[in-house]
Amino acid sequence: MTTETTEHLATTHRTHLCGALRLSDAGSRVRLGGWVHRSRDLGGLTFIDLRDRAGLVQVSFDPRTCPPDVCATAANVGLETVVLIEGEVVARPEAMQNADLATGAIEVRATAMRVVGPAVSPAIPVARARNENLAAEELRLRHRFLDLRRPELQENIILRHRLMQVTRRFLSDRGFFEIETPILTKPTPEGARDYLVPSRVHPGEFYALPQSPQLYKQLLMVSGFDRYFQIARCFRDEDLRQDRQPEFTQIDVEASFIGQDDIIALSEGLIGALWREAGFVIPPTFARMTYADAMERYGSDRPDLRYDLELFDASDAFRAADFGITRSALEQGGRVRGLRIPGGAAALSRKQQDEIEAEAKKAGAFGLLRIKMVNGALEGPAAKFLGEGAVAQLGLNEGELALLVAGPDRISSPALDRVRQDVARRMNMIPDSVLRFLWVTDFPLFEHDQATGALGAVHHPFTSPHPDDIALLDSAPQKARALAYDCVLNGTELGGGSIRISDPNLQGRVFRLLGIDEATAQARFGFLLEGLRAGAPPHGGIAFGFDRIAMQLSNAGSLRDVIAFPKTTAARALFEGAPSPVPTQDLDDLHIRIQGDTA
């Protein structure tokens, strides 16, 4: 735990925090309050480890100096009971000091104790040590109030608090105003489902919980506030995984009269301040890479740069090959791309290669082509189809293994990204304690829906086209780049943003390209369009996933470890039993009937 001063925390019940006492407090009379963490009876002499948010302190109950009724209470008190204690801080003999405990040089000799929070036996153990086995996660989430007593989780939540305060100070010092935006909003789908809230006073009409404050922060720029931020709560009704929750927090930023470089510079300063708060020193500026370069070299728009495996194009080696898989892919405009893995020919067994191939198939590939260089010759099922120039075209060195995917980039890129990560993990290529930050820029403005062929927005429909690509909106919109940027750390996206469209006519053009006609645009986004027509400055911003940042900086294994009351991967809050049915009368008041309900 972080060392805390306690003067401002003194109350009628306590003078100090348990874990804040030190040798310098020896001789002081203190009043403490906390939870009984451990109890030991040594033949009439009782010791209790008392715990509060600052840590543990040993309290002794000696029959020679402590009233008999107090000693009796101490000897029988249950674990996790809340007690108030009075006593004197004394130095422990050197031989009896506990070097593993911050308060290990002292103990409190109790003269009074009162039980104020009797406790039943805990439903789950409150972990005694960091490496102690924990109860199953679902059980811990069911009894979250007990799980949150663990030092690891308390440290995570306290770090989260500190990061929030650093964010507020950093942005406030740079002229940003913290402004709250509505939680009950207009449904405007942004790629995920909205959580809908029925209106009781307007039957058949609904609010939505915000997926982001996007439109509101743009209107704040139209309103002339110039610089806005918010530590914003957002909601998305989508399938969950380790780094997703249905409700989450983001650092939301917007500014006027700025360009992409301004937002990037501001963000680098903010990230630096957050990482310093957690004890890290990072570079003042981050590397940059275009989206096209990232996809070509790594197959991902959030590449992990801690290791050097890069994709290469092996198409030329297979152009003359009479090999059905590659010939079909090339004839249909695809490519043969892959990875060269140093030492992979010997290091990765056939079984391991099969497991890697299974990962590629999960990502959409039909399979992996495997070619290795052994004793100066190419080996593998596909090698016999290659001509004399293939050795030079593949560029394999002795002992290297090539893992290849044939097909369009939309299939080969995600598959090879998965292969790249799997290979790096298996071959211990990922160095510990290395931080590689990266800006990915120049994203495509649009993407094609593979089923319908329609254009969709890569980020959101309010992202500004790159000024050099405005003409492409009429001739080849799928080639237009966006003024959009993502911040990536070690393969994880920390946040992303863009310069926004401030011209209402350009916004209308983009809507039309997305298949949003004027009537639909007015119905969904009319309030934004009215604002833009009232005179909008050039503006842009960024949003960082605050939970994800806290997870990175606390080295937690899941977002659930940095959120006080998280949901499970089934979107349930086990400790309170939410979501839950509601009485029929409540549904009637909201003019709602459950499908199939005949009542």
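Analyst: Happy to. One term to begin with: buried means under 20% relative accessible area, exposed means over 50%, and partly exposed is in between (1.4 Å probe, protein chains only). This is a predicted model, so local features need pLDDT of at least 70 and side-chain atom pairs count only at pLDDT 80 or more, while totals for chains, interfaces and linings use all residues. Residues are numbered from 1 along each chain as its sequence is written, and side-chain values use heavy atoms, with hydrogens and water left out.

User: Thanks! Is Cys 234 buried or exposed?

Analyst: Cys 234 is buried, as its relative accessible area is 1%.

User: And how many disulfides does the structure hold?

Analyst: Zero disulfides, where a disulfide is a pair of cysteine sulfur atoms within 2.5 Å. For Cys 18, the nearest cysteine sulfur belongs to Cys 66, 16 Å away.

User: OK, on to helices. What about α17, how many of its residues are buried?

Analyst: Eight of the nine residues of helix α17 (residues 546-554) are buried, so the helix is largely enclosed by the rest of the structure. Helices (H or I, at least four residues) and strands (E, at least two) are DSSP runs, numbered from the N terminus. Among the buried ones are Phe 546, Arg 548, Met 551 and Leu 553.

User: What covers them?

Analyst: The cover includes α4 (151-172), β10 (247-256), α6 (260-277), β21 (492-499) and β22 (539-545). Contact here means heavy atoms within 4.5 Å. Just after α17, Asn 555 has a positive phi of about 60°.

User: What span should α13 have?

Analyst: Helix α13 (residues 409-426) has 18 residues and should span 26 Å at 1.5 Å a residue, and its end C-alpha atoms are 25 Å apart, which agrees. The expected span is 1.5 Å times one less than the number of residues. Its buried residues include Ile 411, Leu 416, Arg 420 and Val 423. Just after α13, Asn 428 takes a positive phi of about 55°.

User: Which strands does α13 lie across?

Analyst: α13 lies across β12, β13 and β16, at about 10° to β13. Helix α9 (residues 324-331) lies across β13, β14 and β16, at about 50° to β16. Axes are lines fitted to C-alpha atoms, for helices over the stretch in contact, and angles run from 0 to 180 degrees between N-to-C directions.

User: What order do the strands of that sheet have?

Analyst: The order is β12-β13-β16-β14-β15, an open sheet of five strands with antiparallel pairing. β12 and β15 (377-379) are at the edges with a single partner strand each, so one side of each has no neighbour in the sheet. Two strands pair if DSSP finds at least two bridges between them. Strand β14 (residues 369-374) pairs with β15 over three bridges, and Val 374 stands opposite Ala 377 there.

User: Last one: what does β3 pair with?

Analyst: Strand β2 (residues 45-52) pairs with β3 in the antiparallel sense over seven bridges, and a hairpin through two residues joins them. β3 also runs parallel to strand β5 (residues 106-117), with two bridges; one partner pair is Val 59 and Val 108. Seven of the seven residues of β3 (residues 55-61) are buried, so β3 is largely enclosed by the rest of the structure.
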